[in-house]
Amino acid sequence: MPVALPPGVLSLHALPADHHDGPWDHIVTAPGTKQRLLNQALLTLRHGQRLAALAGLPHGLIILAGPPGTGKTTLARGLAQAAARALAPIGATTYAEIDPHAFPSELLGESQRNITRFLTDTVPELASRRPHLIVLIDEVESLAVSRSAASFGSNPVDVHRATDAVLLGIDRLAQACPRLLFVTTTNFPSALDDAFRSRADLVLTLDLPGEETIAAILGHALTELAGLWPGVRDLSGDVTLHRKLAAACAGWDGRRVRKLVLSALAQRREVTDDPNRLTADDLLAAIG
Ligand SMILES: Nc1ncnc2c1ncn2[C@@H]1O[C@H](COP(=O)(O)OP(=O)(O)O)[C@@H](O)[C@H]1O
Ligand SMILES: [Mg+2]
């Protein structure tokens, strides 16, 4: 029987769980980037209690910023599992994905009430379930709207109040629930409120992938495909081909690069029927 989720919560998971492996390895980043991200998460989740005694206490807030399709959401999901694995010896982790669009309301004062209810009731309740809690707020700019740039036709006073409620809620939670980490993503860092951004313990910007990263993403995508259709194995190991394709895909985001492999499978009917027949020319043709 499906269990009712608290308002604004899209999904709830107990981590680590084997079927959550994948996203973390799946995203190719510059060397050191994932380690830095994981360290920041573990610092809060493992030592938050002690660090709360410091004046510059951690807010337990990470912002992943960057253009669409650069792997922010996938990396955030992977981070939850990677952190939960590292923390497993000292206790399990609850992982919640939040729908930021569930809070804003047309009704005056209602957005603020929704946010306050979420941060003062829902989050502490989730935090009490297991030793650690990670909350993903995707596209957080719809919640922590910049108060200086607020327009959107909404009542500016209401936007102010809603953003104030977010800030107040985060400050309180940092004290009350030190083993709590918010991982947030945004395609529009400039739309984020300055006071929200300054509370982040880490703002990590994911840029569009360079040629080397694109080549690695293609190699990864082809290797996954070869797991399903072994005829693709030669292509998946052809680093020279990956580089050649990457040069032709300069400026693409990671999502588009991954889709290239799918579109190569749809270039010729015989390949669609039997993906083992995929050739380098199909991949080149798919670039268009
Ligand atoms: N750096 C990358 N390495 C590997 N795959 C990537 C990368 N960036 C994006 N992708 C792929 O693109 C898709 C979209 O990623 P997503 O996490 O939704 O991006 P965002 O949240 O930044 O819009 C995912 O399937 C992911 O595998
Ligand atoms: Mg996303």
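This is a predicted model: local features need pLDDT of at least 70, side-chain atom pairs count only at pLDDT 80 or more; totals for chains, interfaces and linings use all residues.
**Ground rules.** Residues count from 1 along each chain as its sequence is written, and chains are lettered from A, ligands numbered from 1, in the order written. Local features need pLDDT of at least 70 and side-chain atom pairs 80 or more, while totals for chains, interfaces and linings use all residues; side-chain values use heavy atoms, without hydrogens and water.

**Overview.** I found 12 helices and 6 strands (DSSP runs, H or I of at least four residues and E of at least two, numbered from the N terminus). Of the 288 residues, 49% are buried (under 20% relative accessible area; exposed is over 50%, partly exposed in between; 1.4 Å probe, protein chains only).

**H10, residues 254–265.** I looked up which residues are buried here: Gly-254, Val-257, Arg-258, Leu-260, Val-261, Ala-264 and Leu-265. They sit on the same side of H10 because their arc around the axis is only 145° (taken from the directions from the helix axis to the C-beta atoms). Arg-255 and Leu-262 are exposed on the face turned away. The buried residues of H10 pack against H1, H7, H11 and H12 (contact is heavy atoms within 4.5 Å).

**H9 and H12.** Next I checked the axes of H9 (239–248) and H12 (280–287), which come within 10 Å and cross at roughly 10° (lines fitted to C-alpha atoms over the stretch in contact; angles run from 0 to 180 degrees between N-to-C directions). So H9 is roughly parallel to H12 (under 35 degrees; over 145 is roughly antiparallel, 65 to 115 roughly perpendicular, the rest oblique). Leu-241, Lys-244, Leu-245 and Ala-248 of H9 meet Ala-280, Leu-283, Leu-284 and Ile-287 of H12.
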